[in-house]
Amino acid sequence: MKLFDKGRTVKNHVWRPLFVVIGLVVIILLFRAVYVPDDFGAHERGYTFGYHRLSNEQAWRDFPAKYADSQYCSGCHADKSNQIEAAHHAMIPCENCHGAAFDHPEEPARLTIDRSRDLCLRCHAALYMPGSGRSAIPGIGPAGHNPGFECSDCHDPHNPSLEEM
Amino acid sequence: MVEQVSQFIVHGEAWTVKDLFVLPNEYVYWSIQIVMYPYMTGLVAGAFVLSSLYHVFGVQKLKEIARYALVFSFALLPVAMMPLLLHLLQPLRGFHVLMTPHFTSAISAFGIVFMTYACIVGAEIWFVYRKFIVDSIHRLSAKRQRTAFETLLLAIYRVLSLGAMDTSPEALASDHKAVKFLAGLGIPVACFLHGYAGFIFGSVKANALWMTPLMPVIFICSAIVSGIALCIISYYIFMEIRKWAARWGKNWLLPDALAHGNASLQVEQLRSIQEHEVKMTSKYLLIFMTLAITLELLDMIFRGYTAVKSWDALRMVIYEHDFAKIFIYQYGIGNLLPFLMLLAPGLTTRRAALASILVLFGVFMMRWNVVIGGQAFSLTFAGFMHYHLPIIPHDWETFKEGLAGASLVMVTPFIIFYFLNMIFPAFMSDEEAH
Amino acid sequence: MKRRDFLRQTAVFVAGASVSLSALEFIDPRELLAANSDLRWAFLVSTHKCVGCGFCVKACKIENDIPLEANVTRTWVERYVIKKDGDVVIDSPKGALHGFKSELADQGASGTVRIPERDVAQAFFVPKLCNHCEVPACVQVCPVGATYQTADGTVLVDRKWCIGCGYCIMGCPYGVRFFHPIAHVADKCTFCYHRISKGGDTACAQACPFGARMIGNLRDPDDPLTRTVMTDRVGVLRDEYGTKPQVFYLGLSKEVR
């Protein structure tokens with residue numbers, strides 16, 4: 001019933017859906033040419049690992065830093081820096097307890113000092129960890145050692161040794 | 001017990017419970033919508049393959065359901081995209097896969113494959129219905145008094161016709177040729193549409209459950225299974241509705257009758273078509289079910305046998321945490337039971353329809369067990385995660401990635417189909433159609 | 001001078017000048033650096049020195065704008081306690097943001113576990129961060145080219161291009177990636193690219209009082225990192241995935257996941 005002559009060519013209308021599809025593809029490609037940034041492509045690491053928008057690298061380099069470093073602090077606060085350098089806490093960066101510098105002294109003008117027990121307990125809560133440097137740190141059991149007091153009430157963080165007080 | 005700080009629930013935290021040692025950043029990131037996505041694309045691919053069995057291989061007995069499957073597959077197509085849009089954290093950037101596809105990633109195939117497939121199905125529907133479109137244009141334009149709806153329909157048909165108004169036998173023969181070509185072309189594309197979804201999971205070397213070369217094949221087979229099953233059950237339901245509507249004159253349930261006058265079939269004709277189509281299709285369902293279950297069992301046996309580093313954690317997930325989901329729901333209720341139901345002698349339409357519902361449930365559980373199961377154990381192999389589907393949404397995220405979002409995805413194809421049926425009547429009889 | 005000669009000499013001059021000038025264009029110092037790869041960032045972790053104070057985790061979060069309350073982190077520290085009967089208890093409460101102050105190990109839904117001192121055979125801390133792999137699986141699976149590797153080996157995410165699909169997070173074998181809770185895109189450790197590119201130190205390495213962390217240039221033979229990697233015995237995490245991680249560990253043990 002539906003047999004047709006194989007010798008005959010197909011009618012023209014069969015190509016119309018194809019033209020619609022091609023039109024769609026062209027629209028997408030045109031939009032793409034406008035939307036995708038020019039620096040998008042396969043850069044140094046190739047197509048598999050380096051296919052990206054190149055300017056994003058610089059955007060990440062420009063990400064604002066929050067921490068300075070202890071050398072920056074000693075520029076103005078040499079007295080404190082020298083004091084701690086001579087003590088057991090010499091290796092602790094200033095900003096660990098004093099918070100990130102941000103744009104100090106412009107913003108913020110003063111850095112807050114974290115005097116909480118929780119801060120000191122990070123290192124000084126006694127834990128039995130024989131395979132790590134933790135065992136070399138003098139530790140206390142937090143529940144039994146003057147609960148409710150701040151550590152800095154007795155220990156000067158810049159010179160924590162009680163013998164030298 | 002770890003306290004939850006209430007203000008900041010990160011994505012995935014609301015529905016993940018961690019047990020033992022799980023890395024800080026691990027959550028069930030790919031949740032219900034990623035279960036829905038392969039499920040919906042599977043239905044699309046399966047429905048299309050069913051339709052092609054008639055158009056390409058000339059299985060005459062599937063003629064009626066083939067037309068229905070084609071239109072329904074087109075109604076399913078936009079819904080395949082929905083779970084992704086609901087899942088993406090930046091859905092408005094979803095089109096970036098078309099802008100800068102990174103073809104080393106399986107997901108990048110989505111844009112191209114999906115569009116190709118949509119064009120093929122759309123074009124095939126165009127060729128199948130072109131005579132009907134032209135006839136409708138003639139019929140509607142000849143009418144002196146047109147309702148607003150009919151005017152709209154006429155406008156739609158005029159655009160859809162693409163100006164090809166020739167309905168001579170040669171033109172119709174060309175249409176036939178084109179349909180056969182597109183249906184044939186569409187089969188590998190449908191397989192690719194779903195095979196790549198399997199590849200998305202199978203190629204993730206970081207995930208011990210997902211990584212297997214069998215994954216794309218398993219996905220394709222279970223996709224075809226689900227597509228055929230959906231066509232069986234929905235065809236059955238639609239025919240029941242139409243029989244009821246024809247008997248009681250409830251035309252609003254017959255969108256094609258609304259659009260084109262009476263649905264010309266009588267109740268008895270409907271019944272016999274339904275019985276015939278459903279039983280024929282069930283045979284094909286059995287074939288693909290066998291294939292799918294064989295592959296899944298093969299994968300599981302291999303894992304247990306080779307017992308690599310991840311096996312301890314996987315075994316805990318498969319045999320303990322997810323035992324019911326895998327062996328009772330998926331294999332038992334979702335595979336074995338319908339298998340027996342279809343094989344038992346004296347197959348009735350109702351039994352086939354019921355078996356199809358169970359199969360659909362089984363395929364859904366398979367997707368769940370792969371997607372969620374793959375995230376049920378930690379990368380450390382020393383911890384586990386439990387997924388709790390959000391039932392009652394309390395924010396936008398638990399709506400999108402919860403029962404509400406999943407239900408929305410399930411319901412939408414039927415809504416689309418209702419309106420699509422007005423333009424491309426899927427239940428036309430032989431004389432009216434090609 | 002005859003006109004022909006003049007024209008010929010001009011042509012030769014222009015041709016020669018344009019070749020030389022174009023050579024100048026080609027040799028961009030940055031590209032030269034990339035081509036010669038004088039710079040390849042890598043990281044060194046010493047599990048002997050780490051005491052589990054968690055200052056690194058906190059500093060990283062503050063430096064990189066990851067909300068402290070959010071349960072995701074670019075870097076974290078794990079505690080391993082190996083019992084005499086061979087059992088291993090591992091935990092990382094909030095990624096060690098508050099350090100380790102208690103012997104109670106957080107085991108998630110299974111509650112907490114206390115291991116008496118007498119049962120402990122060995123115990124140590126393992127800091128982890130993005131390995132900036134040589135063959136990054138996460139970059140391979142990004143469908144839109146939002147995550148990438150720079151010429152100096154750092155793997156970054158383009159926040160304006162990422163669509164938030166999560167494939168990179170699933171693709172990473174080390175679990176270092178997550179969704180940034182405010183930007184709603186993928187995020188991870190950047191080796192503090194904004195700091196190291198200007199000659200600074202990563203926030204975590206700087207915050208560590210015990211020198212357990214170190215960033216360095218693997219291509220510079222005089223870099224302390226390179227000297228350690230070349231002369232001492234270092235390990236890497238999970239190399240079975242073929243990703244070639246560039247974070248090296250001193251004191252890695254078989255129990256480390």
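## Where chains A and C meet

Chain C puts 46 residues into its contact with chain A, and chain A puts in 38; a contact here means two C-beta atoms, placed from the backbone, that lie within 7 Å. On the chain C side, the elements that supply two or more residues are α3 (55–63), β6 (120–128), α4 (137–140), β7 (147–149), α6 (193–196) and α7 (203–207) of chain C. Helices (H or I, at least four residues) and strands (E, at least two) are DSSP runs, numbered from the N terminus. The top contributor on that side is β6(C), with five residues.

Sorted by class, the side of chain C that touches chain A holds 23 nonpolar, 15 polar and eight charged residues. For that count, Ala, Val, Leu, Ile, Met, Phe, Trp, Tyr, Cys and Pro are nonpolar, Asp, Glu, Lys and Arg are charged, and the others, Gly among them, are polar.

## Ground rules

This is a predicted model, where local features need pLDDT of at least 70, side-chain atom pairs count only at pLDDT 80 or more, and totals for chains, interfaces and linings use all residues. Residues are numbered from 1 along each chain as its sequence is written, while chains are lettered from A and ligands numbered from 1 in the order in which they are written.

## Chain A overall

Chain A has seven helices and two strands, laid out along the sequence as α-β-α-β-α-α-α-α-α. Its radius of gyration is 34 Å, well over the 15 Å that the globule rule gives for 165 residues, so chain A is more spread out than a compact globule. The radius is taken over C-alpha atoms, and the rule is 2.2 Å times the number of residues to the power 0.38.

The C-alpha trace of chain A spans about 110 × 40 × 30 Å along its principal axes. Of the 165 residues in chain A, 21% are buried (20 or more other C-beta atoms within 10 Å of a residue's own, with C-beta atoms placed from the backbone; 12 or fewer is exposed, in between is partly exposed). Take the contacts in chain A between residues at least 6 apart in sequence: 40% of them join residues at least 24 apart.

## A three-strand sheet in chain C

Chain C has an open, mixed sheet of three strands in the order β11-β1-β12, where pairing requires at least two DSSP bridges between two strands. β11 (213–217) and β12 (247–250) of chain C are the edges, each pairing on one side only. From one strand to the next, the twist averages 25°.

Five bridges link β1 (residues 41–46) of chain C to β11(C) in the antiparallel sense, with C:Trp41 partnered by C:Asn217. Helix α8 (residues 224–231) of chain C packs on this sheet and touches β1, β11 and β12 of chain C, its direction making about 95° with that of β11(C). Axes are lines fitted to C-alpha atoms, for helices over the stretch in contact, and angles run from 0 to 180 degrees between N-to-C directions.

## Around β2 of chain C

Seven of the eight residues in β2 (residues 76–83) of chain C are buried. β2(C) runs antiparallel to β6(C) over eight bridges, including the one between C:Lys83 and C:Val120.

β2(C) also pairs antiparallel with β3 (residues 88–91) of chain C over four bridges, and C:Val81 stands opposite C:Val89. The two strands make a hairpin with four residues between them, and C:Gly86 in the turn has a positive phi of about 100°.
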